[in-house]
Amino acid sequence: MRSVSTIESERSRGSAAGDMSAAHLDRIEWPLSLSVMAYGVSIGIRTNDLRVTEGLAGHLPPGFTSAEFFDTGRVYSLVVEEDDRSGRHQSLVYVNGALLARCSTLQAGLRAFGADVQLYVAEMAPERVFVHAGVVGYRGRGILLPGRSFAGKSTLVGELVRAGAEYYSDEYAVLDSAGGVHPYPRPLLIRNGRNPGATKHQVHTLSVGAGDGPLPVGLVVMSKFRSGGEWRPKRLSPGRGALALLANTVAARRIPEVALATLHQVVTRAPIVTSERGEASSVVGPILELAAQA
Amino acid sequence: METYSPKTRSTRIFVQELPSELVVYDVERNEVHCLNGTAARVWTLCDGERTVAEIAQQLGTDLEPQAAETLVWIALDQFAEKHLLEEASPPAPYRPADMTRRQMVLRVGLIVGLLPMVDSIIAPPAALAASPMPGCTPQPTGMGDRGCTTT
């Protein structure tokens with residue numbers, strides 16, 4: 001295991017980050033290496049610290065399968081190193097030899113790794129279109145709650161699940177070519193506070209059974225939290241709804257034609273409403289009512 | 001101007017038809033446009049053969065010919081602004097009598113439901129979802145716009 005001070009001295013000599021990283025990684029031993037496949041996308045993972053294995057699965061996309069390590073074209077290297085002087089550990093996350101993140105704890109490193117892996121899979125999945133959205137099932141149909149990080153979608157999903165909806169996802173709506181939404185059942189995580197620096201915590205009390213099959217989309221709710229915001233839903237036209245969904249589609253630029261065709265299946269079948277909202281608990285009833293009418 | 005036959009772009013774009021709208025994805029600029037009913041009808045008629053007057057005639061509105069032509073010009077004005085016409089530079093003067101779009105709208109008589117509208121967004125890069133990750137310092141990877149991301 002190499003020391004932080006050594007890495008920093010290499011950096012200070014002005015070598016290119018990528019070159020330095022590649023040379024650095026070549027000298028490391030990897031007691032664990034494996035390949036993982038999810039949604040038709042393969043990645044390689046290796047680490048120099050077996051403690052990584054304890055938390056690894058929780059940061060991978062749901063439903064992943066693993067196999068022996070092979071060159072997948074995208075390899076993550078999770079390196080845990082000790083600072084010679086302070087004795088503290090830091091974790092470094094590399095992608096194909098380039099340093100992605102330098103994190104102060106192993107857990108933070110795993111979160112950085114997991115976030116990038118999940119985003120990569122969402123972008124590259126060959127047969128699915130991933131939209132940033134919370135998803136619940138209700139009366140046999142999916143309710144999509146598009147929104148990026150810090151839009152409060154996990155909180156809203158949590159409240160809907162408490163009210164009886166079925167948990168599908170708090171991060172991605174995974175759409176097939178017919179417009180059906182599939183579960184992405186990673187543990188429901190709710191951020192401890194609204195500031196961007198706040199970490200997310202798993203809500204054990206909501207460890208309910210997740211939906212186990214695709215649902216037709218019955219309602220799309222574009223909402224944004226504002227303290228004291230009033231729920232006044234306005235229906236969007238299918239075209240404007242498509243724009244709103246595309247603005248949250250991970251692979252919009254990579255596969256625009258596929259994304260548009262998939263979203264077409266959604267917007268021509270499900271009403272799309274938009275509104276600001278106050279606390280999540282105050283809009284659960286109206287949303288479920290809308291879904292029941294749709 | 002009377003012989004101007006506008007042509008909408010057909011290359012480097014994807015068009016998705018909806019019941020009464022069009023969604024147009026501009027691959028060159030990663031811009032996405034939603035054309036409402038009137039704009040969509042004008043779009044489909046802009047084949048480089050029909051003149052503005054002919055397009056206006058075939059729009060199927062009950063408007064006077066001059067008002068219908070104004071509707072077409074309002075649509076063309078937006079297409080040009082959003083780089084959706086084949087012509088790099090539309091013929092000058094592009095607007096009749098150098099009218100502003102507002103003036104053209106007033107000329108049609110504020111028939112709001114008939115006005116062509118083009119709403120646009122920029123398609124997000126995949127890593128737009130990236131947000132600060134507590135405890136981590138993102139590093140420039142030279143691998144596109146991916147950084148230290150969170151969900």
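# Close-up views of a predicted two-chain model

**View 1. Helix H6 of chain A is largely enclosed.** Nine of the nine residues of H6(A) are buried, so the rest of the structure largely encloses this helix. The model is predicted. Helix H6 of chain A covers residues 238-246. H6(A) lies across strands E2, E3 and E4 of chain B. Its direction runs at about 165° to E3(B).

**View 2. Four strands of chain B form an open sheet.** The strand order is E1-E2-E3-E4, and the pairing is antiparallel. Strands E1 (13-17) and E4 (118-122) of chain B are the edges, and each pairs on one side only. From one strand to the next, the twist averages 20°.

**View 3. Strands E3 and E4 of chain B run antiparallel.** Strand E3 of chain B spans residues 31-35, and five bridges join E3(B) to E4(B). B:Cys34 stands opposite B:Asp119 in E4(B). Helix H7 of chain A, residues 256-267, packs on the sheet. H7(A) touches E1 and E2 of chain B, and its direction makes about 10° with that of E1(B).

View 4. Along the sequence, the pattern of chain B reads β-β-β-α-α-α-α-β-β. Chain B has 151 residues, of which 38% count as buried. Take the contacts in chain B between residues at least 6 apart in sequence: 56% of them join residues at least 24 apart.

**View 5. Helices H1 and H3 of chain B cross.** Helix H1 of chain B holds residues 37-45. The axes of H1(B) and H3(B) come within 10 Å and cross at roughly 85°. That angle falls between 65 and 115 degrees, so H1(B) is roughly perpendicular to H3(B). On the H1(B) side, the contact is made by B:Thr38, B:Ala39 and B:Val42. On the H3(B) side, B:Leu71, B:Val72, B:Ala75 and B:Gln78 take part. By class, the contact has five nonpolar, two polar and no charged residues.

**View 6. B:Asn30 has a positive phi.** Most residues other than glycine have a negative phi. Phi of B:Asn30 is near 55°, a positive value in a residue other than glycine. B:Asn30 is found in the loop between E2 and E3 of chain B. B:Asn30 counts as partly exposed because it has 15 C-beta neighbours inside 10 Å.

**View 7. B:His83 also has a positive phi, near 60°.** B:His83 is a residue other than glycine. B:His83 lies in the loop between helix H3 (65-81) and helix H4 (101-108) of chain B. With 14 other C-beta atoms within 10 Å, B:His83 is partly exposed.

**View 8. Two domains of chain A meet.** The domain assignment of chain A gives domain 1 (4-124) and domain 2 (129-293). Five residues of domain 1 are in contact with nine residues of domain 2. By class, the side of domain 1 that touches domain 2 has three nonpolar, one polar and one charged residues.

Methods
Residues are numbered from 1 along each chain as its sequence is written. Chains are lettered from A and ligands numbered from 1 in the order in which they are written. This is a predicted model: local features need pLDDT of at least 70, side-chain atom pairs count only at pLDDT 80 or more; totals for chains, interfaces and linings use all residues. Two strands pair if DSSP finds at least two bridges between them. Helices (H or I, at least four residues) and strands (E, at least two) are DSSP runs, numbered from the N terminus. Axes are lines fitted to C-alpha atoms, for helices over the stretch in contact, and angles run from 0 to 180 degrees between N-to-C directions. Two residues are in contact if their C-beta atoms, placed from the backbone, lie within 7 Å. A residue is buried if 20 or more other C-beta atoms lie within 10 Å of its own, exposed if 12 or fewer, and partly exposed in between; C-beta atoms are placed from the backbone. Domain bounds come from an automatic or database domain assignment. Ala, Val, Leu, Ile, Met, Phe, Trp, Tyr, Cys and Pro count as nonpolar, Asp, Glu, Lys and Arg as charged, and the others, Gly among them, as polar. Angles under 35 degrees count as roughly parallel, over 145 as roughly antiparallel, 65 to 115 as roughly perpendicular and the rest as oblique.
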